[in-house]
Amino acid sequence: MTQIAVLGYGTVGSGVVEVIKMNHGPLTQKVPGGMHVKYVLDLRDFPGDPVEEILVHDFDTILNDEEVKIVVEVMGGLEPAYTFVKQSLLKGKSVCTSNKELVARYGAELLSIAASHRVNFLFEASCGGGIPIIRTLNTSLAGENIEEISGILNGTTNYILTKMEKEQWDFDTALKSAQENGFAERNPEADIEGYDACRKIAILSSLAFGKSVDFEDIYTEGIRKITVRDLQNADRLGYRVKLLASCEKKEDQIFALVAPMLIGKEHPLCFVNGVFNAVFVRGNTLGSTMYYGQGAGKLPTASAVVSDIADACRNMDRTLPVFWSEEKLSLTGIENAERRFYVRMGGDQKDHEEQIRTLFGSGAVFGKKEPGDEDFCFITEKMSEKAFREAYGKLNGALCRIRVSE
């Protein structure tokens with residue numbers, strides 16, 4: 001029986017212990033000898049919880065126990081998670097983690113250490129919760145030349161935008177609902193400003209293209225400025241607004257960004273609602289595929305962690321191939337990316353049409369205006385980010401702008 005230690009007994013950590021107990025029978029059939037949680041590490045005590053019997057407060061107890069073959073890091077944050085994970089790998093223990101912040105910053109390094117010590121560093125749960133996208137990129141899509149990977153990677157923002165669209169709630173009301181239902185943290189900045197999705201697309205892009213994508217190089221924009229009015233306009237124009245994280249290869253250039261996007265209603269990502277996530281992948285021979293499921297939550301995330309534990313158990317003394325080198329992937333600045341843009345403006349459309357067509361081209365498409373509307377909107381011709389930014393700066397009365405996904 002493989003002995004395991006779980007670092008952190010919060011939402012995901014307690015979920016991992018619960019899933020291993022709940023699915024003991026199937027796991028015993030799928031993993032030779034089964035698996036057993038020998039230790040749980042946490043600074044806190046849990047009076048009355050069965051975990052008391054295996055709870056420890058000193059990581060060295062786990063590190064120095066040769067019986068422990070797999071360490072599960074579900075603490076979150078960079079420290080002490082990074083130190084504990086690195087020490088575990090150097091000690092010859094495989095590590096499974098759900099920590100996207102850790103993986104985004106140190107993934108390539110930790111994979112290299114794992115390979116040199118014939119153990120595994122697995123992180124399925126770091127992107128998309130229970131969606132098996134990382135395993136898919138490493139195995140099922142290993143023969144593809146990936147041209148694009150994009151997705152709705154944050155359940156909090158997707159929940160907020162869905163409620164704003166369906167219930168006509170303003171941003172603050174939708175955010176409060178997300179917090180009350182446990183879908184958003186008390187401090188939701190990482191979600192609503194796009195930082196969480198940025199780290200996830202950096203990880204997925206690194207795996208898709210085989211080199212390290214630095215999340216700090218990815219242009220990132222959140223959803224705070226989106227209004228119900230913008231969602232109504234998008235619907236009239238045949239779109240929905242989603243926070244989209246994407247990385248796309250165009251010839252010899254690779255563009256990456258996280259930003260609200262108008263997505264056409266024919267696109268499969270358009271109908272991903274609530275706290276659900278989805279990842280869209282386009283390969284040169286397979287074409288387009290999409291992977292959908294619960295992107296967060298105790299048991300979905302824990303399920304992904306346990307699947308990694310099972311893989312680690314089945315591959316003792318053998319490192320599973322993960323194609324992510326420490327060489328940095330150079331991203332092309334988004335100023336060269338070309339797309340269309342949605343713009344909402346105050347005032348009367350007729351008073352602005354001449355200026356709009358001069359700045360954004362004669363092919364600008366205006367949205368249908370309803371009686372009582374105090375503003376109007378249009379979608380530009382396809383143009384570079386740089387050209388749009390310059391034109392938008394000269395526009396009188398602009399209230400909001402959102403990119404349009406092709």
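## The second largest pocket

The second largest pocket has a volume of about 390 Å³. A pocket here is worked out on a 1 Å grid over the protein atoms alone, as an open set of points where a 1.4 Å probe fits, with protein on both sides within 12 Å along at least five of seven lines. Grid points are joined across faces, edges and corners, and the volume is the space filled by probe spheres set on those points. This is a predicted model, where local features need pLDDT of at least 70 and side-chain atom pairs count only at pLDDT 80 or more, while totals for chains, interfaces and linings use all residues. Residues are numbered from 1 along each chain as its sequence is written, and side-chain values use heavy atoms, with hydrogens and water left out.

So who lines this pocket? There are 15 lining residues, and Val17, Lys21, Val37, Pro50 and Ile54 lie nearest the centre; to count as lining, a residue needs an atom within 4 Å of a point. The elements giving two or more residues are α1 and β2 (35-41), and α1 gives the most, with 5 residues. Those labels are DSSP runs numbered from the N terminus: helices are H or I with at least four residues, strands are E with at least two. By class, the lining splits into 8 nonpolar, 3 polar and 4 charged residues.

## The largest pocket

The largest pocket comes in at about 1,200 Å³. Its lining has 39 residues, with Val12, Lys100, Glu185, Asp196 and Ala296 nearest the centre. The class count for this lining is 11 nonpolar, 20 polar and 8 charged.

Which helices supply at least two residues each to the lining of the largest pocket? They are α1 (11-22), α5 (100-116), α7 (155-167), α9 (189-192), α10 (195-209) and α12 (298-314).

## The parallel sheet

Two strands pair if DSSP finds at least two bridges between them. β2 and β3 pair over 2 bridges in the parallel sense, and valine 40 has leucine 55 in β3 as its bridge partner.

Strand β4 (residues 68-73) is mostly covered, with 5 of its 6 residues buried; buried means under 20% relative accessible area, using a 1.4 Å probe and protein chains only. Strand β1 (residues 2-7) pairs with β4 over 5 parallel bridges, and valine 6 sits opposite valine 72 in β4. Strand β5 (residues 94-97) also runs parallel to β4, joined by 4 bridges, where valine 71 has valine 95 of β5 as its bridge partner. The chain gets from β4 to β5 through helix α4 (residues 81-90), in a right-handed β-α-β crossover. Right-handed means that, with the strands pointing away from the viewer, the path from the first strand over the helix to the second runs clockwise.

## Around β10

Strand β10 (residues 253-264) is mostly covered as well: 11 of its 12 residues are buried. Strand β9 (residues 239-250) runs antiparallel to β10, with 12 bridges joining them, and lysine 242 stands opposite methionine 261 in β10. Their hairpin has 2 residues between the strands, and glutamate 251 takes a positive phi near 60° there.

β10 has parallel pairings too. Strand β8 (residues 219-220) joins β10 by 2 bridges, with threonine 220 opposite valine 258. Strand β17 (residues 398-404) pairs with β10 over 2 bridges, and leucine 262 has valine 404 in β17 as its bridge partner.

## Cysteines

How many disulfides are there? The count is 0, taking a disulfide as a pair of cysteine sulfur atoms within 2.5 Å. For cysteine 313, the closest cysteine sulfur is that of cysteine 96 at 7.9 Å, which is too far for a bond. Cysteine 313 is buried, at 9% relative accessible area.

Cysteine 400 is in no disulfide either, and the nearest cysteine sulfur, in cysteine 377, is 10 Å away. Cysteine 400 also counts as buried, at 7% relative accessibility.

Definitions and conventions. Buried means under 20% relative accessible area, exposed over 50%, partly exposed in between (1.4 Å probe, protein chains only). Ala, Val, Leu, Ile, Met, Phe, Trp, Tyr, Cys and Pro count as nonpolar, Asp, Glu, Lys and Arg as charged, and the others, Gly among them, as polar.
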